[in-house]
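Happy to walk through this one with you. Let's take the surface, a pocket and some salt bridges in turn.

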Amino acid sequence: MDKFTNSAWFMRIVAFALAALLFISINFEMESDKKSLGLSTAPEISTETIENVPVEVYYDRENLVVSGVPETVDVTLKGAKSLLINAKNQRDFKVYVDLSDPAISMGDRTVTFKISDLNEKLVATIDPEYAEVNVQERVTKEFSVEAEYNSSLLEEGYTAGQPTVSPKTVKITGAKDAIEQISYVKANLEISKGLNETVNSKATVKALDRDLNKLDVTIEPSSVAVSLKVSIPSKTVSIAPKQTGKAKDGIRITSISVDPKEVTLFGSETSLEKIDEINLPVNISKIDGDTELELDLNKPDSVQKMSLGKAQVKIRTEKVDVDEENAEPVVEEEEPENEQKQEEQVVEEKPEPEEEDEPAAIESKTFNNIQIVPVGIQDDQDAELESDVTSITLLGEADDLKKITKDDINLTVDVSNLDEGTHDVDLAVTVPEGVEWELDSKTVSVTITQKDEET
């Protein structure tokens with residue numbers, strides 16, 4: 001063994017092995033140093049497309065309007081893959097169009113897109129490369145707003161007034177040629193089918209050209225309050241009790257009366273014109289004596305609704321001999337009234353027998369469609385009543401009531417101290433002395449609005 005280790009060949013082999021190990025170690029360390037210093041082999045080159053990159057436009061926004069610049073573009077980047085991934089995730093670069101030169105002229109022009117804040121080792125391609133833009137003088141002008149709605153959506157029989165808008169004017173800003181194209185400024189009220197009540201809602205304002213195309217302008221305010229008053233025509237007619245059936249043996253019907261004597265119908269004007277009274281069938285076949293009944297009123301098919309669904313009926317009878325059965329019964333039914341009495345109906349209740357010293361019976365007289373007059377309207381305001389007519393019932397002695405006409409009755413509402421908005425205001429009633437009065441409602445809804453300022 002000692003002989004082998006002391007031989008020349010053994011020493012040569014050991015020296016070769018040590019040299020090989022030293023070579024491998026040195027090369028490994030050099031490669032590590034290169035990587036740490038960024039001196040490795042050439043990086044992998046790749047491309048990446050980033051879509052919908054926002055475009056910024058630099059220009060004098062106070063005096064100019066620029067149109068035609070797309071909101072986004074696509075950017076394709078080329079470079080080292082690690083840099084591409086970072087650029088895609090961070091998106092810290094900007095794509096822009098520069099029109100900030102004060103000497104820029106008005107009209108159409110072609111501009112190229114530029115990119116900033118991008119790593120200089122990346123190459124960018126923008127799609128599209130350029131845009132056709134239009135530069136115009138910035139103009140602001142005031143326009144009146146017109147509200148509109150689809151009248152076919154109203155429920156059958158209902159009508160709508162002219163919609164009101166608040167505020168009545170808006171300021172529109174845009175390119176000069178766009179402002180000059182404005183023909184209509186509309187606020188479309190969105191309503192649902194079967195509309196049967198007043199609507200108060202917000203509506204978006206749109207500026208349209210003569211062909212009803214929407215224009216690219218800025219509107220302030222962008223929406224307005226719209227009020228649409230919806231109502232239904234009405235007519236007050238008498239309730240006419242009609243006797244049906246045959247009275248029992250020994251019973252004679254002496255009178256049939258109904259309370260109330262009138263009912264208000266609601267529907268289309270053409271339908272109401274054909275109706276003068278509502279018949280109320282009263283079956284007398286089961287009547288044994290004086291009776292009070294509550295009967296349903298039959299609504300005509302052409303009528304939308306009625307103010308009453310039932311009415312009280314008083315039946316007065318008397319006992320008769322069987323021999324008198326063939327005698328003609330006396331039934332007091334209400335006779336048709338003339339046109340004047342439809343407005344001035346005297347409701348007379350049959351008084352009980354009185355003693356000579358007993359005071360005269362109090363009767364009532366109803367006047368329909370009495371005008372309500374607003375007073376104290378300020379010069380810069382308009383007053384609109386929810387309903388400008390009402391009915392009033394006067395109570396007093398028959399002789400006094402006969403002398404009274406509609407001209408003797410004054411109904412007013414004082415609006416002198418009301419601010420803009422809707423208010424419930426008490427009615428002031430003036431009637432001749434010696435009579436009392438009753439109203440279905442002692443207040444009326446009044447809407448106060450400011451008049452347009454003259455320009």
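Q: Which residues form a nonpolar patch on the surface with about 290 Å² of accessible area together?
A: This is a predicted model, so the answer refers to computed coordinates. One member of the patch, Leu 21, sits in helix α2. Leu 21 counts as exposed because its relative accessibility is 58% and the cut-off for exposed is over 50%. The patch is formed by Val 14, Leu 18 and Leu 21.

Q: Which element gives the largest share of the lining of the second largest pocket?
A: This pocket has a volume of about 500 Å³. Of its 22 lining residues, those closest to the centre include Val 65, Val 66 and Ser 67. β1, β2, β8, β12 and α4 each supply at least two lining residues. The largest share, four residues, comes from β2.

Q: Is Arg 252 buried or exposed?
A: Arg 252 forms a salt bridge with Glu 318, at 3.2 Å from N to O. Arg 252 lies in strand β19 and Glu 318 in strand β24, so the pair ties together parts 66 residues apart in sequence. Glu 318 is partly exposed at 34% relative accessible area. Arg 252 has a relative accessible area of 15%, and since buried means under 20%, Arg 252 is buried.

Q: How many residues apart are Lys 235 and Asp 276?
A: These two form a salt bridge, their closest N and O atoms being 3.6 Å apart. Lys 235 is in strand β18, while Asp 276 is in the loop between α5 and β21.

Definitions and conventions. Residues are numbered from 1 along each chain as its sequence is written. This is a predicted model: local features need pLDDT of at least 70, side-chain atom pairs count only at pLDDT 80 or more; totals for chains, interfaces and linings use all residues. Side-chain values use heavy atoms; hydrogens and water are left out. Patches are made of residues with over 30% relative accessible area and no salt bridge: like charges are joined within 9 Å, nonpolar side chains (Val, Leu, Ile, Met, Phe, Trp, Tyr) within 5 Å. Accessible areas come from the Shrake-Rupley method with a 1.4 Å probe; for residues, only the protein chains shown count as cover. A salt bridge is a side-chain nitrogen of Lys or Arg within 4 Å of a carboxyl oxygen of Asp or Glu. Buried means under 20% relative accessible area, exposed over 50%, partly exposed in between (1.4 Å probe, protein chains only). On a 1 Å grid over the protein atoms alone, a cavity is a set of points where a 1.4 Å probe fits but cannot get out, and a pocket is an open set with protein on both sides within 12 Å along at least five of seven lines; lining residues have an atom within 4 Å of a point. Grid points are joined across faces, edges and corners, and a volume is the space filled by probe spheres set on the points.
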